[in-house]
Amino acid sequence: MDLDQLAALRTAEGSAALAAAARVAGGDALAAAAALRSAGVLAGLAAAALTQAELRRRAVGKFGPAAAGMFFTRAGLEQATRRVVADRRAARLRAAGVRTLADLGCGLGADGLAAARAGIRVYGVEADPVTAAMAAANAEAAGLAEEFTVECGDATAFDVRRVDAVFCDPARRRAGTGRRIFDPNAYSPPWDFVTGLAERVPRTVVKVAPGLDHALIPAGAEAEWVSVDGDLVEAALWCGPLAEVPRRATVLRGDVPHVLTGSGDAEAPVGPTRRFLYDPDPAVVRAHLVAELAGELDATLADPSIAYLYADTATATPYARCLAVTDVLPFSLKRLRALLRDRRVGRVEILKRGSALEPERLRRDLRLSGDAAASLVLTRVAGAPTVLIGQPA
Ligand SMILES: C[S@@+](CC[C@H](N)C(=O)[O-])C[C@H]1O[C@@H](n2cnc3c(N)ncnc32)[C@H](O)[C@@H]1O
């Protein structure tokens with residue numbers, strides 16, 4: 001997609017092509033292209049419209065029905081913040097009194113749009129011309145063109161004195177190849193620029209990869225990990241006066257938020273395995289808040305380095321899945337196979353932490369048959385390879 005193709009899609013003829021593409025997208029690609037051409041759409045416009053229609057379909061999971069009126073690049077959609085997460089962040093910024101915000105490296109504008117919806121005046125800066133034009137088009141489609149403006153340029157040159165807060169979500173994929181970047185020093189804008197922002201604008205928020213090394217969290221910043229329906233989606237650093245606690249896990253189930261906070265360096269007590277096993281949400285684990293969760297559940301670890309918790313009672317919690325444990329065995333394929341055969345277990349879900357076993361290979365090796373189902377947990381207990389058998393509590 002280039003700027004001319006985007007401009008063509010934004011004409012009346014382009015809108016008609018997009019509407020026709022939306023009707024045929026998702027099925028056979030050749031048939032869809034033929035349908036558009038037979039409706040009189042020129043080949044170049046048809047191809048651009050079909051690509052957009054396909055990306056819009058994929059974007060529904062992140063943006064809901066609004067995706068139908070938005071413009072996307074493949075890389076931009078992959079990196080875009082999902083709406084439920086962006087809206088929460090924007091609401092927190094607004095509640096902290098933020099009125100003007102720079103979105104440095106705004107991409108397709110998911111975060112900028114959310115902040116503008118929350119009543120914040122947003123100045124977006126985006127280096128890639130097509131992405132910048134799409135972000136502006138997305139603001140217009142949302143009726144927020146005045147609240148969220150986008151300039152194409154280098155975020156490092158933006159005069160941050162113009163705003164009272166800064167948000168930066170640096171690119172963590174290589175332009176062109178789309179390959180993931182794991183070294184923060186290779187992010188764009190670069191990590192030293194990103195972390196230096198907080199010295200210039202105290203109210204700075206940085207979105208980072210959820211795999212962020214805790215050693216990189218700037219002193220005094222709050223680090224938040226966010227999961228949506230059990231999937232870890234991102235982490236964010238809240239700097240200066242925006243930092244409320246050292247560590248936070250935000251667990252979104254549907255649209256309902258659950259927030260666990262703590263120091264991030266507390267240690268959970270260790271004991272034997274018990275009747276119920278809790279598998280903490282990945283946001284809780286990554287935020288190093290397993291000890292805080294253990295406190296809520298009156299639970300203990302069975303191995304100091306493995307984040308499964310054990311308790312005598314089943315407590316409903318949004319922060320973990322709970323299994324009722326029926327058996328605890330030292331790991332032995334032969335013994336496990338015999339036990340599952342006796343119980344006529346034909347279906348298993350396999351969870352693992354601290355085990356090198358490959359779940360799919362184990363599933364094959366177990367040669368299961370029967371009508372019953374069970375959960376298998378491959379782990380270590382006091383250092384020893386162990387399998388627990390259980391049922392969802
Ligand atoms: C991770 S994406 C932002 C996604 C955005 N927060 C969203 O949710 O839609 C990062 C963006 O920063 C842009 N970028 C990278 N380096 C930049 C720079 N120095 N100046 C401006 N934009 C930059 C990239 O082109 C990319 O679109």
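Visitor: What should I know about the model before I start?

Guide: The model is predicted, with local features needing pLDDT of at least 70 and side-chain atom pairs counting only at pLDDT 80 or more, while totals for chains, interfaces and linings use all residues. Residues are numbered from 1 along each chain as its sequence is written.

Visitor: Into which domains is the protein divided?

Guide: Domain bounds come from an automatic or database domain assignment. Here they give domain 1 (3-66), domain 2 (77-244) and domain 3 (276-392). Taken over C-alpha atoms, the centres of domain 1 and domain 3 are separated by 46 Å.

Visitor: Is helix 7 buried or exposed?

Guide: A residue is buried if 20 or more other C-beta atoms lie within 10 Å of its own, exposed if 12 or fewer, and partly exposed in between, with C-beta atoms placed from the backbone. Helices (H or I, at least four residues) and strands (E, at least two) are DSSP runs, numbered from the N terminus. In helix 7 (residues 110-117), 8 of the 8 residues are buried, so the helix is largely enclosed by the rest of the structure. Among them are Asp111 and Arg117.

Visitor: Which elements do those buried residues pack against?

Guide: Contact means that the C-beta atoms of two residues, placed from the backbone, lie within 7 Å. The buried residues of helix 7 pack against helix 6 (83-95), helix 8 (129-141), strand 1 (100-104), strand 2 (121-126), strand 3 (148-152) and strand 4 (165-168). After helix 7 comes Gly119, with a positive phi near 95°.

Visitor: Which residues come nearest to the ligand?

Guide: A residue is near a molecule if its C-beta atom, placed from the backbone, lies within 6 Å of it. Of the 23 residues around the ligand, the nearest are Gly105, Gly107, Ala110, Ala127 and Ala155. Helix 5 (74-79), helix 7 and strand 2 are the elements that give two or more residues to this shell.

Visitor: How many residues of each class does the shell have?

Guide: Ala, Val, Leu, Ile, Met, Phe, Trp, Tyr, Cys and Pro count as nonpolar, Asp, Glu, Lys and Arg as charged, and the others, Gly among them, as polar. The shell has 9 nonpolar, 9 polar and 5 charged residues.

Visitor: What is the strand order in the sheet of 9 strands?

Guide: Strands of a sheet pair through backbone hydrogen bonds, either parallel or antiparallel. Two strands count as paired if DSSP finds at least two bridges between them. This open sheet has the order 3-2-1-4-5-7-6-8-9, with mixed pairing. Strand 3 and strand 9 (256-262) are its edge strands, each pairing on one side only.

Visitor: Where does strand 7 find its partners?

Guide: Strand 7 joins strand 5 (residues 204-208) through 4 bridges, running antiparallel, and Lys207 stands opposite Ala236. With strand 6 (residues 222-228), strand 7 pairs in the antiparallel sense over 7 bridges. These two form a hairpin with 2 residues between them, and Asp229 in the turn has a positive phi of about 50°. In strand 7 (residues 231-238), 6 of the 8 residues are buried, so the strand is largely enclosed by the rest of the structure.

Visitor: Which strands stand at the edges of the sheet of 7 strands?

Guide: That open sheet has the order 11-12-10-13-16-15-14, with mixed pairing. Strand 11 (300-301) and strand 14 (345-352) stand at the edges with a single partner strand each, so one side of each is left without a neighbour in the sheet.
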